[in-house]
Amino acid sequence: MSETVEEFFTLYHPSTYLSHQMVYHSSRVQSLVNEAEKLYKKILHLRNKPRLQRESHREGFLGLFGAKVDPVDLYTKKLEDVEENVKLEQSTLNQNQKELSAAFVSFRSRYGAATASRVVQSSNPLLWVTEPAPEPRDIYWPFLSAPYIQLWISKFVVVVAVFFLTILFLVPVTFVQGLTQLTELEAFLPFLKKVLKITIVSDIITGYVPSLILQMFQYIVPPIMMLFAAMRGYISNSGKMKSACIMVLYFTIWNVFFATVLSGSVISQINTFISNPKDIPRQLAVVVPGQATFFITYVLTSGWTGLSLEIARVFPLIGNFLIRHCCKVTDDADCAPLFPYHRDIPKVLLFGLLGFTYSLLAPLIMPFLLVYFFVGYIFYRNQMLKVYSPRFETAGKFWPIVHNCTIFSLVFMQIMAIGIFGVKKLPFASGWVIPMTVITLLFNDYCRKRFLPIFDKYPAEILIKRDREDERNPQMMASFLDSLVNAYRDPALQPVQYSLDESGNRTSLLSFS
């Protein structure tokens with residue numbers, strides 16, 4: 001397979017082709033390397049302690065039998081055994097030529113790489129399929145070896161799982177909205193009638209508790225969506241993050257906004273919308289204003305409180321403490337976290353939707369949102385610069401999500417305006433809003449045709465200019481091309497060094513060629 005790839009690109013891209021790296025069935029080797037990495041970190045953690053403070057381990061079955069030995073010696077012996085297994089698996093991998101029908105192809109110029117990735121390589125569309133490769137540190141290796149049928153099944157399973165999760169989440173949403181209605185709460189829990197008559201208790205239960213409970217349920221959604229995105233077969237971490245961001249956004253807008261607005265009568269409201277679509281603006285104009293107070297409280301609990309927790313990082317601190325001292329895990333304990341795009345972008349866009357919607361219905365929400373966006377800019381700027389560490393270049397790929405959601409919010413606000421003017425018996429005002437909606441949709445179509453390709457394709461002008469700049473510095477370009485040859489090599493097959501000798505110098509326990 002490797003010879004076929006080299007022959008094809010040498011024949012049809014002779015001036016730009018540089019090299020290629022085949023993808024292997026290296027899952028077994030990678031698991032051994034991960035095990036070696038964990039053992040190395042345990043050894044390093046133990047060597048930082050005085051010998052008297054190290055807990056001795058028995059070298060027998062399950063650590064229950066045998067002589068007591070220093071844990072450093074025990075783990076070092078295990079690491080040496082893993083080294084032998086890695087070398088054996090690697091030699092087997094090279095001898096059996098477990099190559100997949102996938103490869104990373106490198107080119108001598110940016111323009112050559114862009115051209116090769118965008119054009120159809122063969123008259124047979126099933127023979128050569130090319131796409132731009134993610135940057136080396138962004139690659140998600142597990143799904144590179146997955147067959148197409150597995151990817152298709154995974155996508156179908158994820159769609160079904162997201163659908164059922166959305167339906168299941170309606171249960172806490174309905175419960176939360178039941179707390180905002182004292183009459184319904186007293187009917188459901190009659191023994192609380194006397195307690196609910198106390199003003200302070202009723203204000204807390206109907207005002208603050210519902211949004212707090214909803215926020216607690218929302219915390220589990222981004223990790224679940226990230227797991228679903230990993231199952232869909234993306235070959236890059238940025239692709240997983242973008243997919244999770246979109247799923248969380250759809251989930252949030254439906255369950256937090258629409259399900260809350262239609263609380264208590266979701267099925268009946270949907271039946272009304274289906275039976276009489278022309279009456280949708282009027283129905284929304286009636287049901288949406290009733291949740292203004294809840295969403296103002298939601299901005300306070302989810303927005304303001306969320307910003308305070310973000311800058312203080314209380315939960316990561318507690319989690320790090322438990323991992324270090326309770327679970328005795330030191331893996332990546334000091335590693336800077338990745339910015340949670342899939343968690344924070346949908347939250348910001350939801351607040352934008354609330355601002356557009358309730359600017360007409362309940363302008364009192366606007367000061368709370370303005371404070372959130374102003375303080376959020378300062379806090380997130382600090383977090384981006386001093387807390388989070390980027391592990392891949394987003395290249396502006398999240399901006400189309402922001403643009404589409406903003407256009408949706410504008411259109412929804414205009415539909416709400418039509419309904420409000422209809423309820424107020426102002427047909428002339430409603431008629432003037434319709435052209436605004438058409439103009440908004442035309443503007444969105446214009447942006448999609450003119451600006452969206454920039455986020456998906458690289459301009460030839462910039463690529464050629466950068467290539468010409470590189471030609472003026474041949475030494476630096478030659479060094480870069482040399483490093484590019486092995487940049488996309490499978491991590492399981494790259495040289496790895498994990499052990500430390502007694503003097504503190506790093507020695508090569510794991511080293512493959």
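Helix H5 makes the greatest contribution to the nonpolar patch, with nine residues. In this predicted model, local features require pLDDT of at least 70 and side-chain atom pairs count only at pLDDT 80 or more, whereas totals for chains, interfaces and linings use all residues. Residues are numbered from 1 along each chain as its sequence is written, and side-chain values use heavy atoms, with hydrogens and water left out.

The patch lies on the surface and has about 1100 Å² of accessible area together (Shrake-Rupley method, 1.4 Å probe). Patches consist of residues with over 30% relative accessible area and no salt bridge, nonpolar side chains being joined within 5 Å; a salt bridge is a side-chain nitrogen of Lys or Arg within 4 Å of a carboxyl oxygen of Asp or Glu. Helix H5 (148–179) and helix H9 (221–231) each supply at least two of the patch residues; helices are DSSP runs (H or I) of at least four residues, and strands (E) of at least two. Among the members are Trp152, Phe163, Leu227 and Met231, and Phe163 is found in helix H5.

Gln218 belongs to helix H8 (residues 199–218). Gln218 counts as buried (under 20%) because its relative accessibility is 14%. Leaving aside residues up to four places away in sequence, Gln218 touches Phe169, Thr252, Val256 and Tyr298 (heavy atoms within 4.5 Å).

The protein chain averages a pLDDT (predictor's confidence in each residue, 0 to 100) of 78. Where pLDDT is low, predicted coordinates should not be read in detail.

How values were computed. Buried means under 20% relative accessible area, exposed over 50%, partly exposed in between (1.4 Å probe, protein chains only). Patches are made of residues with over 30% relative accessible area and no salt bridge: like charges are joined within 9 Å, nonpolar side chains (Val, Leu, Ile, Met, Phe, Trp, Tyr) within 5 Å.
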